[in-house]
Amino acid sequence: MNNMNNLFKTKLIVILAVVLCMPSCSDDFLDRPPEDSYNVAEFYETTEQVNVATNALYVRPWYNFVTNVSWCIGELSSGNGRTWDPRNADFVNFAITGEHGTLTQAWESLYAVVAQANAVINTLPDAAGPSVPQDVVDNAVGEARFIRASAYFYLVRIFGPIPIIADNNEYVLEPVVPRNPESDVYEFIKRDLQFAVDNCYEKIRGANYDANAKVSSGSAKAMLAKVYLYEQNYPMAYQLASEVINSGEFKLYGGDAEDGDPTGSYYDLFLTANDNNPESIFALQWTNTGIYAEGNGVQSLFAPAGVTGFSDGWSAIGPSIDLQEAYEDTEQDLRYYATIMAPGAFYPDLNGGYTVSETIDHQGCNVGVKKYVIGSAASNGGGASQSYPNNTYVLRYGELLLIHAEAALNGGGSVAEGINSFNKIRRRAGLDEIANPTLEDVFQERRIELAFEMEFWYDVVRQGPDFALNFLSNTERGTFNDDTSPPTINSETFPASMDDLLFPYPSNEIQNNPALLEAPVPYEFE
Amino acid sequence: MQKINLKNIYGSRYYYTFLLFCLVGQLAFAQTQVKGVVTDENGMALPGVNILEKGTSNGVYTDFDGNYVITVKDNATLVFSYLGFVTQETAVSGRVSINVTLVESLESLDEVVVIGYGSQLKEDLSGSVSTIDTEALNNLPQVSVDQLMQGRASGVSITQNSGQPGSAVSVRIRGVNTISGSAEPLYIIDGVPISGDSNNISTSGRSIADNDLGQGDGATGVSPLAALNPSDIESINILKDASATAIYGSRGANGVVIITTKSGKNKKGTLRYNTYLAIQRPTNFYEVMDLSQYARLQNEMAEIYGLNPQIEFLNPSLLGPGTNWQQEIFDDAVMQSHEVSFSGGNEDVNYFLSAGYLDQDGTVIGSGFDRINVRANVGANITDKIKVGANLTASRTNDKLTLNNATNGIIYLSLLNNPATAVYNPDGSFAGPDLDDDFKFENPIARALSLSNRLERNRFFGNIFAELKLGKNLTYRTEFGGDFGNNVSDRFQPTFSYGEITGGESALSVRRENNDFWILKNILTFQKKFNNKHDVTVMLGQEAQESKWQGVIASDGEFVSNDVPILGTGNAIDNTDQYKGSTALSSYFGRAIYSFDNKYNITASIRADGSSKFAEGNKWGYFPSVSASWRLSNENFMDDFDAIQNIKIYGGYGEVGNQAIPNFAYGARLNTVSTGLGTGFEFANFANEDLKWESSTQTNLGLDFSVFDSRLNATVEVYNKVSKDFLYQLAVTDFITGGNSPGAIAAPWVNLGEMVNKGIDVTLNYKTKGSQDFSWNSSLTFSHYKNEVKELLGDLTIFGEMTMNTSNQNVTITQVGQPIGLFYGYKVEGIFRTLDDINGAPVQFGRPFEDALFSTTWLGDIKFKDINGDGVVNTDDRTVIGNPHPDFTFGFQNSFNYKNFDLSIFMQGSYGNDVFNAVNRSLTAGNQTYTNQLPSVLDYWSVDNPNASNPRLARNDTPNINISDRYIEDGSYLRIQNVTLGYTLPSDATSTFGINRLRVYGMIQNLYTFTKYSGYDPEIGVYNQNALLMGVDNGRYPTPRIFTLGLNVEF
């Protein structure tokens, strides 16, 4: 029994020692930093880390906007496309309400871009380590401000007056945020772009396409030219466009222009292999992982069934009769083949050779969409359903030349130079030059050049309500009736009203932030 | 049968010894030898029964076969006492052979209640603790213990979130206490804490089940408690008020459920075999349109959308019924269970060993669950001062998962799918929609059967402990517990082709996850009784716990065939993703219990918790409690008062905390993503360095009493619970966070506000006395609570948002002064039937009154109410349209025994709660092509049908489907949850085969539900355990009806 008691005491001491030891360990014990992600406070220590800080701004936050909404607005509402899908048809017939889930994705997605850009803009300057050169930090902040400006540019064009958020942390617990007038949003955008002009690296786009991927000082100038065009400040638009052209940074892919790159073509612009070709000014940089939202989902909506290799390929939009008739010559204009799939057309590069079905009939249009349809993962170096690696253009040099032309024709600068730029586009498309183009010619050229690049709606609306309402209300959005031979048109047009030129805020957001229903409040610039 | 180990320490022995001393004092003369056998009611020998000559210290024990021999005086009286049995006295009266049958003591079962870090006599209890009668739970065909507790304890509201086998349930103890992700209680299984949160909010942040079954966010939560075989459970005690849970401090805010598993009895070894076979059957179907009705609808819709008419629908009356998709996806499903257990022991060693197998197919095609589990519980006294033991269980569960509770879930698909499409093609392959269908639904059968999503969970948990007697009154206990899990999840989508929907590429996603949790406890307990009146127990403890997780997700695709999908063999780009992390909690606690003369009891406790969830300076939380009770009936002045017995009044106050949030929520993290530019980094979340503990204070007042000679026991408790600084991930607007968009920045966790739950819990128990042929035992529980939000960062309004039919909808509103999560939307006044209705009516949503198909309001549209009277109907006219909180819930358990027959009936229900029927919303929308609907939709308004019940058919943009009280229904129900009839063969008939007991029984689970609810099942639960989405029916997997035949054998 004595032994037993001794044993007890020994054990007891050991155990008590363990007990007493615990508190001394507990400071470390209770410190659990993240193990599978970086703590923001400890990132940005090296140049490498600062250089990759902006990568994500080119991809994921844009996904919902680009894949699900931008074509609904840019192509369906504008009348370039039509659909029977009950949900998306609301875009065709101006029946969009704040309840519409697809529209909500535009709001969320573009503001997600703003939020991520703001986080970089507001964190980097203070957080960057002492070893990181200042110009590296400034370039990264410049890129982020460029991208923020691009997101606000879409937001203001879609929704009109919106809240300008420069630092999300200020409002994270504040639901009631006033909206700011459109003019302030434009001012905010211009300041961002000017910062990017001043701080981003200057580049010359060459044959190393990978090096072209990120935006440059020249990209910002080009975007700024476009913003000035929307503001009808034609001299500034012209001047900036000229500077971009004269810098030699970008090239027109294909054609015979002196600032052209004869190795490419209009068709080649949209092949995955040619991502970041010298015509690309700003493009979203999707990846081939196939992970949802890391790749481009556009062809899932545009392609005919079977082309992608997955269950997507929903042919959700058909090129409207109106658009088809807008082509001067579907044979001569090389852009038709690159944009629209006609029955029986053959695409040698698509999945190693693809012949369009003779009965192709997207949404009653008797044709399908080709642009941004790139085929299977195998033929594009990867990807998966709703996630393909091909870039999405936000701005390319072809458009810049048309901006140049439009600004010039509006009295912003040398008309001759403008016409020269205009005809470079015509020539590349295989069309004859127009000696004395009008503004209507530029509008028409933009429509065809940028068809299915989700741009046309904004071009229509910025012509002013008189033009826009007339145009939108008379666009042929009907279908072909194939029961007759040749097919006749079941005509459909939908009257647009002033309210329809801006899209409504999501209803949930009006509930969350009732200030969206009140008059815009001037933004306080620093 | 039911007996609690810890009783040895506190209860019965004390009591019997005490008894012994009191009875000293008899004299006797001649000595005689008496012998005999002691058995229980089933005739089974009882070894170790204490036989005392009354009034002396002369005593013996029965041997292994229940035999005893004792020499006593002629006129002696023998006292037979045995733990868990009624002590019996028999006068010798000159006999030499006395065989005794001891009756199991029912009262003694309830005597000791397990409380946190100890146990207490029920009569001394001053906190609110519900004990669930586990006897009634035996053999119920339920997979996990959380489901079993339904309706069994007052103040505990349990709803099954889904009828899918193995799915998570939501357990709410005394109302909703927090609106952060998890309001689930803490489970303590044999001392090992296990969270009830299926979404793992506070650890990896990833739901156990791979919920990436497609787009959308359906409910796929699986129960974290599925690893525990309910048959292994000895007792369930639910700590409800803060004075009881405060000892669990940080994790006790949502209540604590203490589960103790079985241990061996101090008697001859027994072998039990239990088995049942059950058939599960869906209870009811929605009546959706058949083919001819559908064709009529399509013809109308085609006109509205300007589609070319479908030739095959030209004469709908000639069409047959078409495909009944519901009948195709629902099927009778078999469930079977086998379990064997061995238990036994002697004075020094006891053991309980069990093994079980359960296999459950789901009533929805493609779903299922199975489990294999083994358990070993062992206890031993190494010396009279050292006691050691272990409770260990290992289990493997397999879930076959389908996506439900989402618009693209199997059930939704079956309801909305086109009856014109066949399930199979003539060649046996899956059929699909035709080319003409621009709005295609997948074949749900194909989806359910071809997509394989399996989750295997391996889990090992339990504890090992040593208890030392350091002196007469001082005990030291050290305990190490662990919960080690490994989840293997494989999801494979083979190539397929259903009609026009084809998938040329296959895709595989696998997930491997390890979770390690350990807990170390050191507890010192001092217990002493002074002067036979002052009973003091002081407990001091220390505890440290750590939870670690890590996992890898990898994917591949484009396999050569669908036969052997293995990572690395497919042609697709291989993707991998790794995650890991850990949390820790360090705690110190103490408790003092003082009771005086079995009349007064006062308990005080305090706990300090340090959590890794908070930044430096906010890590530690302190949680005190105090409670007291007064046993009125033990007062002398009550001696003559017999009408009411066992009166006890008690009350308490306590504070508990909550820290169930993700790690490092106080700081900002970067997520790594892939981009075309190489690796990229996204800001993952907004930081909040000021984040601190959520605390909950609760005041509880209770009254226990018995009447009718202690046959009817009643407990009435009222409480007031205040949750302060509750933790919530607050997204005030989508333009700050980015909402649901990829790349959105997660909203910050904040201490949001204050909420009060007041309520009353009533439990009534009735049982007939004695061992007559007939006995009846009945238990009624009744619970009511009232929830009110007091503060939301000032007076913020929070909306419960949910994705329905691809659109985000605010379904509920939470604002100061009202209960949490009220349904929110428009009020419907009727349908615009005539031009008179339209004249002067407020313009709705800015849509002019005009005879057009879209962007207008016209005859046949829903007339919404202008709530604020401003002359127009717009978003400002939303209001509260329903309340998901019940007025009360109840459970009513009845057990009858007549000779060898036993019958039990369990009813359970809820009254006064509303349900938002999102399924009905989709099924009556009448605004889309190629979408099936309820037949009532055909009674749509038209000029020819002005008295229609439904609005006109319309285009997609119609406001007729805005969230409104059209979709609010009364969710009250009374369910006959279980009826069991059993028969135990007479023991003399079975004993010849060496069988002690043989019982056969038949049972019907979920027999019938009385309800006005039009959906599958009024028991909706909480959508993905989100407190803001209570009572929203979005295609919930309905709970099936189960017919069971079972057998219990004991050797």
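First, the ground rules. This is a predicted model, in which local features need pLDDT of at least 70 and side-chain atom pairs count only at pLDDT 80 or more, while totals for chains, interfaces and linings use all residues. Residues are numbered from 1 along each chain as its sequence is written, chains are lettered from A and ligands numbered from 1 in the order in which they are written, and side-chain values use heavy atoms, with hydrogens and water left out.

Now the interface. Chain B puts 103 residues into the contact and chain A puts in 100; contact means heavy atoms within 4.5 Å. Between them the two chains bury about 8,600 Å², with 59% of it on carbon and sulfur atoms. Buried area here is the accessible area (1.4 Å probe) that two parts lose on being put together, summed over both. On the chain B side, B:Leu677, B:Phe683 and B:Phe735 lose the most area to chain A, together 9% of what that side buries.

There are 4 salt bridges across this interface, a salt bridge being a side-chain nitrogen of Lys or Arg within 4 Å of a carboxyl oxygen of Asp or Glu. B:Glu546 and A:Arg32 meet in a salt bridge, at 2.6 Å from N to O.

On to the rings. The whole structure has 73 aromatic pairs over all chains. Rings of Phe, Tyr and Trp (its six-membered ring) pair if their centres lie within 6.5 Å; planes under 30 degrees apart count as stacked, over 60 as edge-to-face and the rest as tilted. A:Tyr111 and B:Phe735 form a tilted pair, 5.7 Å centre to centre with 55° between the planes. That pair crosses between chains, from helix α5 (residues 101–127) of chain A to helix α10 (residues 734–737) of chain B. Helices are DSSP runs (H or I, at least four residues), numbered from the N terminus.

Are A:Tyr111 and B:Phe735 buried or exposed? Both are buried, where buried means under 20% relative accessible area, exposed over 50% and partly exposed in between (1.4 Å probe, protein chains only). Ring pairs also link A:Tyr111 and B:Phe735 into a cluster whose members include A:Trp107, A:Tyr152 and A:Phe525.

Last, charges over rings. The criterion is NZ of Lys or CZ of Arg within 6 Å of the ring centre and within 35 degrees of the ring normal. In chain A, the charged end of A:Arg462 sits over the ring of A:Tyr230, 5.1 Å from its centre. In chain B, B:Arg477 lies over the face of B:Phe465, at 4.0 Å from the ring centre.

How values were computed:
Helices (H or I, at least four residues) and strands (E, at least two) are DSSP runs, numbered from the N terminus.
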